Amino acid sequence: MKFHDPTGKTYGIPTYPRRLAPEGLATRRQLRALGLRPAGQPVAAQILWHGRRTPGTRTRPVRAAYLYLIALAAPVRPMTPARWRAHHAMMRARRTCPDCRIDRGYVIPRSLGTCPVCADTAVLAA
């Protein structure tokens, strides 16, 4: 079976194919869903799989997800009032158009660089 190396002899750390990792291990995303974080522990194992083939290539890239021990994970740090203020300030900056300086209530598309109203106005003016 490809990518099955529980001893770590081939890949350096224990490696499993998708959906075949043993109990007690979880990815960062899975830990977060449990209200946990890795807490500085080293990577315990990894999952490897083939990603999608990109247009114009013949090979499929190998993707990896690192696994951590659930038993060594710590609870997620709670959000303090200062962290909430910083978060709200960051989101307000992402919602504010750099041209008209209006908080649009949604994140400004990076592809446009401005809010759609300003982008349309710039296109019509040109």
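Visitor: Which strand gives the largest share of the lining of the largest pocket?

Guide: That is β5, with 4 residues. Some ground rules come with it: this is a predicted model, in which local features need pLDDT of at least 70, side-chain atom pairs count only at pLDDT 80 or more, and totals for chains, interfaces and linings use all residues. Residues are numbered from 1 along each chain as its sequence is written, and side-chain values use heavy atoms, with hydrogens and water left out.

Visitor: What counts as a strand, and what as a pocket?

Guide: Strands (E, at least two residues) and helices (H or I, at least four) are DSSP runs numbered from the N terminus. A pocket is found on a 1 Å grid over the protein atoms alone, as an open set of points where a 1.4 Å probe fits, with protein on both sides within 12 Å along at least five of seven lines; lining residues have an atom within 4 Å of a point.

Visitor: What is the volume of the largest pocket?

Guide: About 490 Å³, where volume is the space filled by probe spheres set on the points, and grid points are joined across faces, edges and corners. Of the 19 lining residues, T27, Q30, I47, A65 and L67 are the closest to the centre of this pocket.

Visitor: Which elements supply at least two residues of that lining?

Guide: β2 (25–26), α1 (28–33), β4 and β5 (62–69) each do.

Visitor: And how does the lining split by class?

Guide: The lining has 11 nonpolar, 3 polar and 5 charged residues. Here Ala, Val, Leu, Ile, Met, Phe, Trp, Tyr, Cys and Pro count as nonpolar, Asp, Glu, Lys and Arg as charged, and the others, Gly among them, as polar.

Visitor: Let's turn to the sheet. What is the order of its strands?

Guide: The order is β1-β4-β5-β2, in an open sheet of 4 strands with mixed pairing. The edge strands are β1 and β2, each pairing on one side only. Two strands pair if DSSP finds at least two bridges between them.

Visitor: Which pairs are parallel and which antiparallel?

Guide: β1 (residues 15–17) and β4 pair in the parallel sense over 3 bridges. β4 and β5 are antiparallel, over 6 bridges, and β2 and β5 are antiparallel too, over 2 bridges.

Visitor: Which residues stand opposite each other?

Guide: P17 stands opposite L48 in β4.

Visitor: Which residues make up the largest nonpolar core?

Guide: Six are listed: Y16, L25, A45, I47, A65 and L67. The elements giving two or more residues to this core are β4 and β5. A nonpolar core is a set of buried Ala, Val, Leu, Ile, Met, Phe, Trp, Tyr and Cys residues joined through side-chain atoms within 4.5 Å. A second, separate core of 5 residues includes L31, L36, Y68 and A73.

Visitor: What is Q46 in contact with?

Guide: Leaving aside neighbours within four places in sequence, Q46 has contacts (heavy atoms within 4.5 Å) with Y11, I13, P14, T15, Y16, A64, A65, Y66 and L67.

Visitor: Now the helices. Where is P116?

Guide: P116 is in helix α3 (residues 116–125) and is partly exposed, at 30% relative accessibility. Beyond its neighbours within four places in sequence, P116 is in contact with Y106 and P109.

Visitor: And R92, where is that?

Guide: R92 belongs to helix α2 (residues 81–95). R92 and D103 are 11 residues apart in sequence and 7.0 Å apart in space, C-alpha to C-alpha.

Visitor: Last topic, backbone angles. What is the phi of R19?

Guide: About 65°, a positive value although R19 is not a glycine. Most residues other than glycine have a negative phi. R19 is in the loop between β1 and β2 and is exposed, at 73% relative accessibility.

Visitor: What about the phi of R101?

Guide: Phi of R101 is near 60°, a positive value as well. R101 lies in the loop between α2 and α3.

Key. Buried < 20%, exposed > 50% of the residue type's maximum accessible area, 1.4 Å probe, protein only.
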